[in-house]
Amino acid sequence: MGTPEKNESKGGFFAAMTSGISKLSNAMHRSVNGFLGYEGVEVINPEGGKEDAEEEAQKGRWKQEDRESYWKMMHKYIGSDVTSMVTLPVIIFEPMTMIQKMAELMEYSHLLNLADECEDPYMRLVYASSWAISVYYAYQRTWKPFNPILGETYELTNHNGITFLSEQVSHHPPMSAGHAENEHFSYDVTSKLKTKFLGNSLDVYPVGRTRVTLKRDGVVLDLVPPPTKVNNLIFGRTWVDSPGEMIMTNLATGDKVVLYFQPCGWFGAGRYEVDGYVYNSAEEPKILMTGKWNEFMSYQPCDMEGEPLPNTELKEAWHVAKTPENDKFQYTHFAHKINSFDTAPKKLLASDSRLRPDRYALEKGDLSKAGSEKSSLEERQRAEKRTREAKGQSFVPRWFDLTEEVTSTPWGDLEIYQYNGKYTKHRSEIDSSGSSSNDDVDVKSIEFNPWQYGNLSSD
């Protein structure tokens, strides 16, 4: 299988290899393993190495005394899954929760509309996989989202005709489920992130199942994303990379697209590069794809050797939209819409992430209040759990049902939650009742309360 060629302006896999090798000796000299006496800590500048490595190590959001004290607290967790076991300071958070972040995948949902309308089965995969890649621009933000409270929800409307819902369905282990739908597609996901803390970096494994159903022909696409690595968590400039394969498969035909995310080499060589092919069920390449996950994806028909067909040219399938300049949290315009009440439906659920007092305080820049509100929510969640256990009850999600299905992923088995349709009925009743919109009431005055919505069952 060949690798699609690129012009010099775009770089590419072989260019990345050459660049990386040529800079190896310099990089070895500039890396600072053991900087400040901490074994295994490596600080690099992925943007090109313009500063000395020791100067680079001083960058980031931590003050020197904060970095050292936090390192003393965190080093005992090296090798552990820290998804929910460690209390983190709000200084490293962004004003968004994990179940809100799930909705960022909907920004370029028009690509799924195109996939549904497309007659060519291979172009369907081009559009659908470009949609899957598009969210990585948002994923490169290095701020941590808040962990959702059990029973917390997020609703999104007023975007491309989509209704989106996510719910925190389990606390230990942390699991979320999501459903989105418009006239062209439905989207279903069960997510159970696993992490591994490695000192100055964090490996994130996307244990989950993502399915997209294209409604016109009933095509079901299954997505397996690559893992992600967050580098320089404490020392140096924090940056994100997602090296590995992304695979999207048509479950009916066996056609698939395999895209390889190039790992970031020394001082940024090859960073963001994505290359791969759309294959038929016989694993013969049909369309080559190439681009950068933070900028664009292009495609071109190819022969059996993976080489571009004569008299064809690269065409762009997706390009990142303009983003706000100098945004504090590196938000896209769509990320701001996710936090806005303009994208909230009528009679917003009191369990919605927008209403979290810690999230809202951080959005307004009040770190002290955000920290105290976060602690208060976490303590109330523990108290609610103690009350349930004392009564012999367990939490049952409201909008998603736990099925008997267990699926295997590259990073472990996963229990599947299924959208139960109750939210569709709930929204339909509200819309048909002529209830007031959020413009008629001060939704910000609604008290965040995820506990009132969950069902309880006796153990």
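This is a predicted model: local features need pLDDT of at least 70, side-chain atom pairs count only at pLDDT 80 or more; totals for chains, interfaces and linings use all residues.
Residues are numbered from 1 along each chain as its sequence is written, and side-chain values rest on heavy atoms, with hydrogens and water left out.

The protein contains 12 helices and 22 strands; helices (H or I, at least four residues) and strands (E, at least two) are DSSP runs numbered from the N terminus. Of its 459 residues, 53% count as buried, where buried means under 20% relative accessible area, exposed over 50%, and partly exposed in between (1.4 Å probe, protein chains only). The protein exposes about 20,900 Å², of which carbon and sulfur atoms supply 49%; accessible areas come from the Shrake-Rupley method with a 1.4 Å probe, and for residues only the protein chains shown count as cover. Among contacts (heavy atoms within 4.5 Å) with a separation of 6 or more, 60% join residues 24 or more positions apart.

Helix α7 comprises the 14 residues 121-134. Its expected span, 1.5 Å times one less than its number of residues, is 20 Å, which agrees with the 20 Å between its end C-alpha atoms. Aspartate 120 caps the N-terminal end of α7, with a side-chain oxygen 2.8 Å from the backbone nitrogen of tyrosine 122. Because 12 of the 14 residues of α7 are buried, the helix is largely enclosed by the rest of the structure. The buried residues include Met123, Leu125, Trp131 and Ile133.

In soluble globular proteins, nonpolar side chains tend to be buried together. Here a nonpolar core is a set of buried Ala, Val, Leu, Ile, Met, Phe, Trp, Tyr and Cys residues joined through side-chain atoms within 4.5 Å. The largest such core has 65 residues, and Met106, Trp131, Ile133, Phe164, Tyr187 and Met248 touch the most other members. Helix α7 supplies the largest share of this core, 8 residues. Beyond its neighbours within four places in sequence, tryptophan 131 is in contact with residues including Met106, Tyr187, Val212 and Met248. A second, separate core of 14 residues includes Met175, Phe400, Ile416 and Tyr417.

The whole structure holds 22 salt bridges, each a side-chain nitrogen of Lys or Arg within 4 Å of a carboxyl oxygen of Asp or Glu. In one of them, arginine 356 pairs with glutamate 152, the closest N and O atoms being 2.9 Å apart. This pair links distant parts of the chain, 204 residues apart: arginine 356 lies in the loop between α9 and α10, and glutamate 152 in the loop between β2 and β3. Arginine 356 counts as buried at 3% relative accessibility, as does glutamate 152 at 0%.

Another salt bridge joins arginine 209 and glutamate 405 (2.7 Å, N to O). Arginine 209 lies in strand β9 and glutamate 405 in strand β20, so the pair ties together parts 196 residues apart in sequence. Arginine 209 is buried, with a relative accessible area of 16%, whereas glutamate 405 is partly exposed at 38%. Finally, Glu94, Lys101, Glu104 and Arg141 are linked in a network of salt bridges.

How values were computed. A polar contact is a pair of N or O atoms within 3.5 Å; within protein, one must be able to donate a hydrogen and the other to accept it, and residues adjacent in sequence count only if both atoms are side-chain atoms.
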